[in-house]
Amino acid sequence: MNETAGTLTSSSRKAIRVEEDGPVLHVRLNPWGQEDTLDSAVLDDLRHLLDDLHDRPDVRILTLSSMGKDFCLGADRNEYQAALTADPTGSALRRIADKAQRLCQALENTHAVTIARLHGRVVGAGLALASFCDLRVGADTCRFRMPEVGIGLPPAWGGAMGRLVSEAGAARIRELMLTCDVFDADTAHRLGLLHRTAPLDRLDEAVNAWTRPLARRSPEALVLTKRMLAGYARADRTADTSLLDSHLLTAHVGQHR
């Protein structure tokens, strides 16, 4: 693997680790073993990476994983409170929330086939981020949760509600969002939130089972098929209100400071 080639592996990115392996780009969250949350630094690094990817058609597959104990424990609520304290008008908090929305759109629209490799806990914004990947595999020990309602927040991160409903169906997502219940990898698989499960020590094998054949496919066919599928998925979200997510979140956090 190559950690130095090209602009994609720029050393200016501190919140993620990026490695190239031929046509596959491996992106890892939490390279320093800190809190497994999605703060502004992570959002910025991921979005800039995806922007740079437009100039790298040779990168055909992107895997997203974490080097921490868990894949992701959600958004950084301390950062939300700090932003609101520093700017009571809510503008700073809206900018953070808008970053999440732009990141998820960039992830959905990139030409590369994206694969989420999940382990440990996958919570809130972490599940939202993974849901925008094309393919998702999780360790059979994974635990998932959508906790927003339980902690007094609207499920407004990255425009993910529409994506989750599109991927898993309105009835089950409604139940899981309202109850905030923890659910396991088998349940996530049945719902379509995971395409595959595997023992933790065989997760990389499961990812490779996708990347090897994908790397042999026609690049043009892959991009066209991915964009056709995204178009059909978005057709189910014609009333998408994701651009309002930052306003909903800011108003609610400000009300309950």
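A disulfide is a pair of cysteine sulfur atoms within 2.5 Å. Keep that cut-off in mind for the first view. The model shown in these views is a predicted one.

View 1. Searching the whole structure turns up 0 disulfides. Take Cys 104: its nearest cysteine sulfur belongs to Cys 133 and sits 9.2 Å away, so with a cut-off of 2.5 Å Cys 104 is in no disulfide. Is Cys 104 buried or exposed? Cys 104 counts as buried, because its relative accessibility is 0% and buried means under 20%. Cys 72 also counts as buried, with a relative accessibility of 1%.

View 2. The partners are Phe 144 and Phe 183, with ring centres 5.4 Å apart and 20 degrees between the planes, and the pair is stacked. Which parts of the chain does the pair tie together? Phe 144 belongs to strand β7 (residues 143-145) and Phe 183 to strand β8 (residues 183-184), so the pair links parts that are 39 residues apart in sequence. Phe 144 and Phe 183 are both buried.

**View 3. An arginine over a tryptophan.** Here we look at a charge and a ring. Arg 17 lies over the face of Trp 32. The distance from Arg 17 to the ring centre is 6.0 Å.

**View 4. The largest cavity.** The whole structure holds 2 cavities of 30 Å³ or more, and the largest has about 100 Å³ of space in it. The lining is made up of 13 residues, and those closest to the centre are Gly 124, Ala 128, Glu 148, Leu 164 and Met 177. Which helices give at least two residues each to this lining? Look for α4 (125-131) and α5 (160-168). Sorted by class, the lining of the largest cavity has 11 nonpolar residues, 1 polar and 1 charged.

**View 5. The second largest cavity and its leucines.** This cavity has a volume of about 60 Å³. Its lining includes Val 27, Leu 46, Leu 49, Leu 50 and Leu 62, and also Leu 64, Leu 103, Leu 107 and Leu 129. By class that makes 9 nonpolar residues, with no polar and no charged ones. At least two lining residues come from each of α1 (40-53), β3 (61-66) and α3 (91-109). The largest share, 3 residues, is from α1.

**View 6. Zooming in on Leu 46.** Leu 46, one of the residues that line the second largest cavity, has its place in helix α1. How buried is it? Leu 46 has 7% relative accessibility, which means that it counts as buried. Now find Ala 106, which is 60 residues away from Leu 46 along the chain. The C-alpha atoms of Leu 46 and Ala 106 are separated by 9.3 Å.

**View 7. The largest pocket.** About 400 Å³ of space lies in the largest pocket. Of the 21 residues that line this pocket, Leu 73, Gly 74, Ala 75, Arg 77 and Ile 151 lie nearest its centre. Helix α2 (residues 77-86) gives the largest share of the lining, 3 residues.

**View 8. Glu 35 and Leu 73.** Leu 73, which is among the residues nearest the centre of the largest pocket, has its C-alpha 8.2 Å from that of Glu 35. In sequence, Glu 35 and Leu 73 are 38 residues apart. You'll find Glu 35 in the loop between β2 (24-29) and α1. Glu 35 counts as exposed because its relative accessibility is 56%, and exposed means over 50%.

**View 9. Two loop residues with positive phi.** Asn 30 has a phi near 55 degrees, a positive value in a residue other than glycine. Where is Asn 30? Asn 30 has its place in the loop between β2 and α1, and it is buried, with a relative accessible area of 10%. Cys 180, also a residue other than glycine, has a positive phi near 60 degrees. The loop that holds Cys 180 runs between α6 (170-179) and β8. At 8% relative accessibility, Cys 180 counts as buried.

Methods
Residues numbered from 1 in each chain as written. Predicted model: local features only at pLDDT ≥ 70, side-chain atom pairs only at ≥ 80, totals over all residues. Heavy atoms only, no water. Phe/Tyr/Trp six-rings, centres within 6.5 Å; stacked < 30°, edge-to-face > 60°. Helix = DSSP H or I, 4+ residues; strand = E, 2+ residues; numbered from the N terminus. Buried < 20%, exposed > 50% of the residue type's maximum accessible area, 1.4 Å probe, protein only. Lys NZ or Arg CZ within 6 Å of the ring centre and 35° of its normal. 1 Å grid on protein atoms, 1.4 Å probe; cavity = no way out; pocket = protein on both sides within 12 Å on 5 of 7 lines; lining within 4 Å. Points joined across faces, edges and corners; volume = space filled by probe spheres on them. Nonpolar A, V, L, I, M, F, W, Y, C, P; charged D, E, K, R; others polar.
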